[in-house]
Amino acid sequence: MKKISILGSTGSIGTQTLEVVRENPDMQVTALAAGTNIELLEAQAREFCPRLVSLWDEEKAKDLAVRLADTGIQVLAGMEGLLSAATEETAEIVVTGVVGMIGIRPTIAAIEAGKDIALANKETLVTAGHLIMPLAKKNGVRILPVDSEHSAIFQSRNGEEGNKIEKILLTASGGPFRGFTRKQMEGIRLQDALKHPNWSMGHKVTIDSSTLVNKGLEVMEAKWLFDVELSDVQVVVQPQSIIHSMVQYEDGAVIAQMGTPDMKLPIQYALLYPERRHMNGERLDFWSLRSIEFEAPDLKNFPGLSMAYEAGEKGGTMPTVFNAANEWAVAAFLRQKIGYLQITDIIEAAMARHKRQENPGLEEILQAEAETYSYIEDRW
Ligand SMILES: NC(=O)C1=CN([C@@H]2O[C@H](COP(=O)(O)OP(=O)(O)OC[C@H]3O[C@@H](n4cnc5c(N)ncnc54)[C@H](OP(=O)(O)O)[C@@H]3O)[C@@H](O)[C@H]2O)C=CC1
Ligand SMILES: CC(=O)[C@@H](O)[C@H](O)COP(=O)(O)O
Ligand SMILES: [Mn+2]
């Protein structure tokens, strides 16, 4: 029986993880954590019977405890609850499906408790990769990528572990505004930015995909997961999201992982690694596909990607500032408080004023996040 704790169980990654669990009788959920969605978490708790559930919202957690009183399921709240879900004693693997830097502390706690990590929450590696990767090594736990591109790279490394990577070819859809100039992006509305061409995902990552900030975060995520230089990660626009990413080896061979855009595959692969198991769903049909297209990314009109390379090259607290500024700006755009182009303007301004700190610990990372927020809040 594979025992799984899911952080962010009510979100896009969380609900798809539960679909995978539903289809695999040898998987069992031991803990579930969410933010505020009490209705869905209650339904999930009743269906999957975990040992504990947690809601970030303290008041709603109290209400949930009353609602679940007949079940014997422990109900917790806040950071304490999130950490308890991450370290639930019987869990073997923790799916990090929360969104944003809130994922850092539970990921660290899970690793310290000896749990394998099925990592969807890329913000954790972007901001704290230099802490997470050595900690995982020290505790003998595996960081198994769930992000589709990183799962593809991981799959393309299978059997090649001893061979050096020459280059990672990280594919990008280009988002809904591929081909737009910045001028054409001036009037973009929230509902337009939420229309990803290929993937159905949570709001934050969908906006990140549209600005190419998602690809920037993924470049840094790849650096930590596969121990490569940022300059060895090349972004290739592949508009259909059929090739999920590729690895080029020293003899020039390129190994790719392909498939329809469906996150259940990388989720199941991470949960069952190294086993592959039957999965229902669409298969690629090359006769109807006919061709697969490629483009170079447009760095001029999508500055989020170059700023991510710059933040990653500078290192220290700079990736935290890049990420925190983006988290703030995307949340404000989702509340319709700022315009679309201001997202990257805010990241640029926050990075420009930041005095970088080398090799930050957890407290310094969280402080850089807080300082970035207060700098932005004073100006926007
Ligand atoms: N969706 C996808 O296909 C992909 C996502 N990712 C990454 O995975 C992560 C999750 O993305 P996605 O599933 O789309 O996001 P969603 O917004 O759909 O879901 C986020 C989840 O996190 C929960 N949550 C938010 N804040 C807290 C908190 N403070 N404490 C506990 N739980 C919290 C939410 O709970 P509630 O619903 O109650 O608010 C929800 O369950 C992101 O880092 C994203 O970049 C990577 C690749 C693909
Ligand atoms: C499904 C997934 O992994 C997303 O992170 C996806 O990568 C978004 O697509 P683009 O950022 O390439 O538009
Ligand atoms: Mn991705």
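In the predicted model, strands β3 and β4 (residues 74–77) pair in the parallel sense through four bridges, where pairing requires that DSSP find at least two bridges between two strands. Strands (E, at least two residues) and helices (H or I, at least four) are DSSP runs numbered from the N terminus. The bridge partner of S54 in β4 is L76. Helix α3 (residues 58–67) forms a right-handed β-α-β unit together with β3 and β4; a crossover counts as right-handed if, with the strands pointing away from the viewer, the path from the first strand over the helix to the second runs clockwise.

A31 stands opposite L52 in β3. A right-handed β-α-β unit is also made by β2, helix α2 (residues 38–48) and β3.

A separate description applies to an open sheet of four strands, which has the order β9-β8-β10-β11 and mixed pairing. Its edge strands, β9 (233–237) and β11 (254–258), each pair on one side only. Neighbouring strands of this sheet are turned by 20° against each other on average, direction ignored; axes are lines fitted to C-alpha atoms, for helices over the stretch in contact, and angles run from 0 to 180 degrees between N-to-C directions. Strand β8 (residues 165–172) runs parallel to β9 and is joined to β9 by five bridges, with L170 opposite V235.

Two helices lie across strands of this sheet. Helix α7 (residues 148–156) lies across β8, β10 (243–249) and β11, at about 40° to β10, contact between two residues being defined by C-beta atoms, placed from the backbone, within 7 Å. Helix α10 (residues 213–226) lies across β8 and β9 and runs at about 150° to β8.

The residues around ligand 2 are D147, S148, E149, A172, S173, G175, W199, V205, S209, N214, K215 and M263, each with its C-beta atom, placed from the backbone, within 6 Å of the ligand. Helices α7, α9 (203–211) and α10 are the elements that give two or more residues to this shell. By class, the shell divides into four nonpolar, five polar and three charged residues; Ala, Val, Leu, Ile, Met, Phe, Trp, Tyr, Cys and Pro count as nonpolar, Asp, Glu, Lys and Arg as charged, and the others, Gly among them, as polar.

Residues are numbered from 1 along each chain as its sequence is written, and chains are lettered from A and ligands numbered from 1 in the order in which they are written. As the model is predicted, local features need pLDDT of at least 70 and side-chain atom pairs count only at pLDDT 80 or more, whereas totals for chains, interfaces and linings use all residues.
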